[in-house]
Amino acid sequence: MRLTLTVNGEPYDIDGVAGTESLLSVLRLRLGLSGAKNACEQGQCGSCSVHLDGVLVCACLVPAPQAHGRSVETVEGLAGEDGPHPVQEAFLACGAVQCGFCTPGMLKATEDLLRRCPDPGEAEIKDALAGNLCRCTGYRHILDAVRMAADRTRALEARP
Amino acid sequence: MSRPAAMDFLLPDRLDEALHAMAAREGTVPVAGGTDVMVRLARGRERPPAAVDLTRIPGLARWERSAGRVRIGATVPYTRIAGELAGPLPGLAVAARTVGSRQIRNRGTVGGALGTASAGGDVHPVLLACDAEVELVSARGTRRVPVREFYTGPGRTVRAPDELVRAVLVPEAEGPQSYAKAGRRGALVVATCSFAVALRPSRGRVGTGIGAAADRPLPACEAERFVAGELAERRLWRSRGPLPDSVLTRFGELAAAAASPADDVRGSSAYRRHAVAVLARRALGWVWDDYRADRTAKEAACA
């Protein structure tokens, strides 16, 4: 089938998408956007997290045809023209990246949390990242980064 | 070498179109959040002839309150149930909060849980405890089935191949409810077993539901009858007096006796039977404490 969708603000029109294909496969294999990672294909690891019409989802569990006419935001859309997103900066500053495989999903889950909840407590942070696995066990630095990202985002928004 | 046939993916924006598609080809699979269907497709064990997307049908994505019940459309995701329905349906909201992760709750739906009918699905025990009704629809018409008659076996229900789950109707809580879940860790976990309890003081009724401890979700009918009798005999609904430990313990034993758990990767049969007794005893203790304190909900999930 023919799939029309917007990814990170760019319109795409893709032919020959199979009914069984996932949104993740379309992003990675057809659009060359390899930020969202393919790992468990069961919604267990969160490394393929993207926003679909503003809702955080596992792209591996979204049938590609369901994204027809919808808007997708991936980790590639986080950085702006003036540099990395505050969440990305915080992950860098805190050393919250080891092998990096889980990082795109962690960044998206953190961005999603801060959209909903600018000043998250410990329980809210852990709940927001519960669906994102890091097998390097870098969770401590990741949690530091989320707290720093929250502080920086609030500081940026408080500026006149 | 034969190639698997292509699977058509239909994107109707009207219910009648979806029903027509369900009737047109046997084996057509309805899809909402995809959290079950996509896993099965990715494993390559299933290749249905067609899938029907339900997420474009506006009527399925709404909930509404009427005549003392909440009618939840089949595609309302768990995130919304947890966030929007904690007032009228505290037990269901708590169960929805324990499902998977944020990403899964954003996509997974009660309609999907009823369609898949996994014995371990978190919402089933609460739907049983609350005496919910499932609304099924097909091109042939609409019918409502009490949830206690809905599940027929492992992954099997009374839903006919051409029917869709359109909504679930859940009576608004008139007393405390709780959902207790045992699993290997505190987050993103499929229940090893679970137990829901809902008090309905006006009917002198204690509703129950057991998850992941039989081939299907099921109520603990003997335990319900036993505790209803004890509450009536001891006039505890009115006095709001404490429930004796002996009653809590017996309730747990009867709940465990209702289960027929299997051995699997998540737990042994013996462990599950023991855990059902513990969860049932605790869950009833919590809701009774809440009833005594005149509270309406208790959140509980234990790892």
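Residues are numbered from 1 along each chain as its sequence is written, and chains are lettered from A and ligands numbered from 1 in the order in which they are written. Because the model is predicted, local features need pLDDT of at least 70 and side-chain atom pairs count only at pLDDT 80 or more, while totals for chains, interfaces and linings use all residues.

**Overall form**

Chain B has eleven helices and 13 strands; these are DSSP runs numbered from the N terminus, with helices (H or I) of at least four residues and strands (E) of at least two. The radius of gyration of chain B is 19 Å, close to the 19 Å from the globule rule for 303 residues, so the chain is as compact as a globular protein of that length. That radius is taken over C-alpha atoms, and the rule is 2.2 Å times the number of residues to the power 0.38. Along the principal axes, the C-alpha atoms of chain B fill a box of roughly 65 × 45 × 30 Å.

Of the 303 residues in chain B, 53% are buried. A residue is buried if 20 or more other C-beta atoms, placed from the backbone, lie within 10 Å of its own, exposed if 12 or fewer, and partly exposed in between. Among contacts in chain B with a separation of 6 or more, 67% join residues 24 or more positions apart; a contact requires C-beta atoms, placed from the backbone, within 7 Å.

Chain B is assigned domain 1 (8-53), domain 2 (58-171) and domain 3 (177-292), with bounds from an automatic or database domain assignment. The C-alpha centres of domain 1 and domain 2 of chain B are 18 Å apart. Their contact involves 13 residues of domain 1 and 18 residues of domain 2. On the domain 1 side, helix H1 (residues 15-24) of chain B gives the most, with six residues.

In H1(B), the buried residues are B:Ala18, B:Leu19, B:Ala21 and B:Met22. They cover an arc of only 160 degrees around the axis, which puts them on the same side of H1(B); the arc is that of the directions from the helix axis to the C-beta atoms. Their cover includes strands S2 (29-31), S6 (133-138) and S10 (164-171) of chain B.

**Contact with chain A**

In the contact between the chains, 24 residues of chain B meet 25 residues of chain A. Helix H5 (102-107) of chain B is among the elements that supply at least two residues each, and H5(B) gives the most to the chain B side, with five residues.

**Helix H10**

Helix H10 (residues 245-258) of chain B has 14 residues that should span 20 Å at 1.5 Å a residue, and its end C-alpha atoms are 20 Å apart, which agrees. The expected span is 1.5 Å times one less than the number of residues. Buried residues of H10(B) include B:Leu248, B:Phe251 and B:Leu254. The buried residues pack against strands S12 (193-200) and S13 (205-211) and helices H8 (221-233) and H11 (269-292) of chain B.

Most residues other than glycine have a negative phi.

| Residue | Phi | C-beta neighbours |
|---|---|---|
| B:Ala67 | near 50 degrees | 8 within 10 Å |
| B:Ala117 | near 55 degrees | 22 inside 10 Å |

B:Ala67 lies in the loop between strands S4 (63-66) and S5 (69-73) of chain B and is exposed. B:Ala117 lies in the loop between helices H6 (110-116) and H7 (123-129) of chain B and counts as buried.

Notes:
Two residues are in contact if their C-beta atoms, placed from the backbone, lie within 7 Å.
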